[in-house]
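Good morning, and thank you for making time for this item. I would like to take the group through one protein model.

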Amino acid sequence: MPKSLISIGDFSKDEILHILDVAKEFEKNREQNFLAGKVIACLFFEPSTRTRLSFEAAVNRLGARVIGFPDSRNTSVSKGETLEDTIRIVSNYVDMIVMRHPMEGAAEIAAKVSPVPVVNAGDGSNQHPTQTLLDMYSIMQTQGRLDGLTINMVGDLKYGRTVHSLSEAMSDFSPKYVFTAPDDLKMPSKYLKYLDSKHIPYEETASLEEHLNDCDILYMTRVQQERFPSKEDYDKVKDVYELHASMLSGVKPNMKILHPLPRVNEIAYDVDANPHAYYIQQAGNGLYAREAIFSHVLDISIDDVINDNTIIK
Ligand code: CP
């Protein structure tokens, strides 16, 4: 079986730390040629700006070529072709498939029928493991460590695949979690049970102010209209949290605000110039993390990355 990345749990703690080390090397030298001759498919069945474009930028900066689509409406999916058949066909043409899909479990289905590695770029409300790697890289960059941090996740914890993956991955680094969400958007019990099984402490609250001043990472998320069963349900909670610069006067000096983006109203624009804001740089880190993910999935060593060796396998 090829080495796919479907869920963040597919990678051990050591593998994650290795990918973060490799990402650091790519930040020093993001232009390398070790994917020369390869073709990568980016199949996006759901909208994306950062994930698709940072993956495609990574493909281009590493010397490979990219094929794919940003919207499946112009593909034979619109004629009724199944996901499995689409993957079986595309995998004939490429060395790896990066895929985003609105259905939970779609990446796993794709990996089961694909002879080439599949990288999950987000499957419904389930997982977003490549976002998690760039989030962890951003945490390391801003805190100098991953261990022993208080991470406050805010907003749509029910449908938010980024918080699902991140809470799982960071649980290997002795965190303390705060989950800030209204009743309708609380962290699903399966993730809380997982944390219980690992004896990770967490607190749930509906108040954004309650733990603002005692966290190291404030991980804001968008309430995702596209996941709600009806507009009425969405309207009830859509602007539940709004972070303004005036609320940040008492926060810890090292505290950084992350957000997978896009944002709607949950972070006011007056926060952007605040030294605690890090979400724009965080999105920039996506390039290095995704270059490192390519190198890991395709078994390129860190020495080759450091030495900028051109490899054509
Ligand atoms: N963070 C993230 O997944 O953004 P996009 O939806 O723009 O890819």
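First, a word on the source. This is a predicted model, in which local features need pLDDT of at least 70 and side-chain atom pairs count only at pLDDT 80 or more, while totals for chains, interfaces and linings use all residues. Residues are numbered from 1 along each chain as its sequence is written, and side-chain values use heavy atoms, with hydrogens and water left out.

The protein chain has 10 helices and 9 strands; these are DSSP runs numbered from the N terminus, helices being H or I of at least four residues and strands E of at least two. The radius of gyration is 19 Å, close to the 20 Å that the globule rule gives for 313 residues, so the chain is as compact as a globular protein of that length. That radius is taken over C-alpha atoms, and the rule is 2.2 Å times the number of residues to the power 0.38. Along the principal axes, the C-alpha atoms fill a box of roughly 55 × 45 × 40 Å. Of the 313 residues, 57% are buried, where buried means under 20% relative accessible area, exposed over 50% and partly exposed in between, with a 1.4 Å probe and protein chains only. Among contacts (heavy atoms within 4.5 Å) between residues at least 6 apart in sequence, 73% join residues at least 24 apart.

Which residues lie nearest the centre of the largest pocket? They are Arg100, Arg161, Arg222, Leu261 and Pro262, out of 21 lining residues. A pocket here is an open set of points on a 1 Å grid over the protein atoms alone, where a 1.4 Å probe fits, with protein on both sides within 12 Å along at least five of seven lines; lining residues have an atom within 4 Å of a point. The space in the largest pocket is about 380 Å³, a volume being the space filled by probe spheres set on the points, which are joined across faces, edges and corners. Its lining comprises 4 nonpolar, 10 polar and 7 charged residues. Ala, Val, Leu, Ile, Met, Phe, Trp, Tyr, Cys and Pro count as nonpolar, Asp, Glu, Lys and Arg as charged, and the others, Gly among them, as polar.

Helices H2 (50-61) and H6 (161-170) each supply at least two residues of that lining. In H6, 10 of the 10 residues are buried, so this helix is largely enclosed by the rest of the structure. Arg161 is one of those buried residues. The peptide bond from Leu261 to Pro262 is cis, with omega near 5°.

Ile40 lies in strand E1 (residues 39-44) and is buried at 0% relative accessibility. Beyond its neighbours within four places in sequence, Ile40 has contacts that include Val59, Val94, Met96 and Phe294.

Cys42 is buried at 0% relative accessibility, and Cys215 is likewise buried at 0%. With a disulfide taken as a pair of cysteine sulfur atoms within 2.5 Å, the count is 0.

Finally, two residues other than glycine have positive phi. Ser174, with phi of about 45°, lies in the loop between H6 and strand E6 (176-180) and is exposed at 52%. Asp299, with phi near 60°, lies in the loop between H9 and helix H10 (302-306) and is exposed at 53%.
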